[in-house]
Amino acid sequence: MEEVLVFVRERLDRASLQAICAAVIGLGLVAVGLESLRRRFFDMGVDPGSPMSSSRFVFRGPGAVSWGVMCVTLGLGMIAVAAVVLLGLVDAAERLVAERPGIVIAPLGLVFLGAAGGWLWGEEQMNSSFLMVLATLPQRLGALVTVLFSLAVLGVGLFELVAPAAFDQIVAMLTPPPAPVIPAR
């Protein structure tokens, strides 16, 4: 076992090891997300009897689907970033994102939308009775605001991807004019 660790250490630098770990976590997130989409069930938390957690949130139906979308998107993003690092394409990826930021903006909007949608639909306890639905209205209103923000972020990202020239033109129009030159005395 020690020989294997020495071999791995000699062959991989720290960034590569971190990228491999990120890819493994990303694969786990994709698996959790796909399972949530398939079963329409998402369990967030540790068993209430466990000393590690005192809370548990269980989502069913649309809330679970929202969390599943978030997990899949986040996992695929982690895998993509890990691949960029492992393939040595960091500089090229930075240039691409600087030129076409929608590549990052749209998935971030989808991640935000998944999390916000999960809380908007509510978890099992929030939907257990009409009184609980009423009691959780402030939380749901906050989630609704976050859903609207997420849709805006997703829309901006998709607009940049679909119509990059129009996006660049709008950004140029939003750029403030240069500061006036103050004459010297």
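The exercises below, each with a worked solution, concern a predicted model of a protein chain.

**Exercise 1.** Determine how many helices and strands the protein chain has, and in which pattern they follow along the sequence.

Solution. Start with the count: the protein chain holds eight helices and two strands. Next, read along the sequence, which gives the pattern α-α-β-β-α-α-α-α-α-α.

**Exercise 2.** State whether Phe 41 is buried or exposed, and find its contacts away from its neighbours in sequence.

Solution. First locate the residue: Phe 41 lies in strand S1, which covers residues 41-45. Then take its relative accessibility, 19%. Buried means under 20%, so Phe 41 counts as buried. Now set aside the neighbours within four places in sequence; Phe 41 is then in contact with Ser 36, Val 58, Phe 59, Arg 60 and Ala 64. One of these, Arg 60, is 19 residues from Phe 41 along the chain, yet their C-alpha atoms are separated by 4.6 Å.

**Exercise 3.** Describe how helix H5 packs with helix H7.

Solution. Two packed helices are described by the angle between their axes and the distance between the axes. For H5 (residues 102-121) and H7 (residues 137-162), the angle is about 160° and the axes are 7 Å apart. Angles over 145 degrees count as roughly antiparallel, so H5 is roughly antiparallel to H7. The crossing of H5 past H7 is left-handed. Finally, sort the contact by class: 20 nonpolar, seven polar and two charged residues.

**Exercise 4.** Give the share of residues in the protein chain that count as buried.

Solution. The protein chain has 185 residues, and 24% of them count as buried.

Methods. Residues are numbered from 1 along each chain as its sequence is written. This is a predicted model: local features need pLDDT of at least 70, side-chain atom pairs count only at pLDDT 80 or more; totals for chains, interfaces and linings use all residues. Side-chain values use heavy atoms; hydrogens and water are left out. Axes are lines fitted to C-alpha atoms, for helices over the stretch in contact, and angles run from 0 to 180 degrees between N-to-C directions. Helices (H or I, at least four residues) and strands (E, at least two) are DSSP runs, numbered from the N terminus. Angles under 35 degrees count as roughly parallel, over 145 as roughly antiparallel, 65 to 115 as roughly perpendicular and the rest as oblique. A crossing is left-handed if the near helix is turned anticlockwise from the far one by less than a right angle, and right-handed if clockwise. Ala, Val, Leu, Ile, Met, Phe, Trp, Tyr, Cys and Pro count as nonpolar, Asp, Glu, Lys and Arg as charged, and the others, Gly among them, as polar. Buried means under 20% relative accessible area, exposed over 50%, partly exposed in between (1.4 Å probe, protein chains only). Contact means heavy atoms within 4.5 Å.
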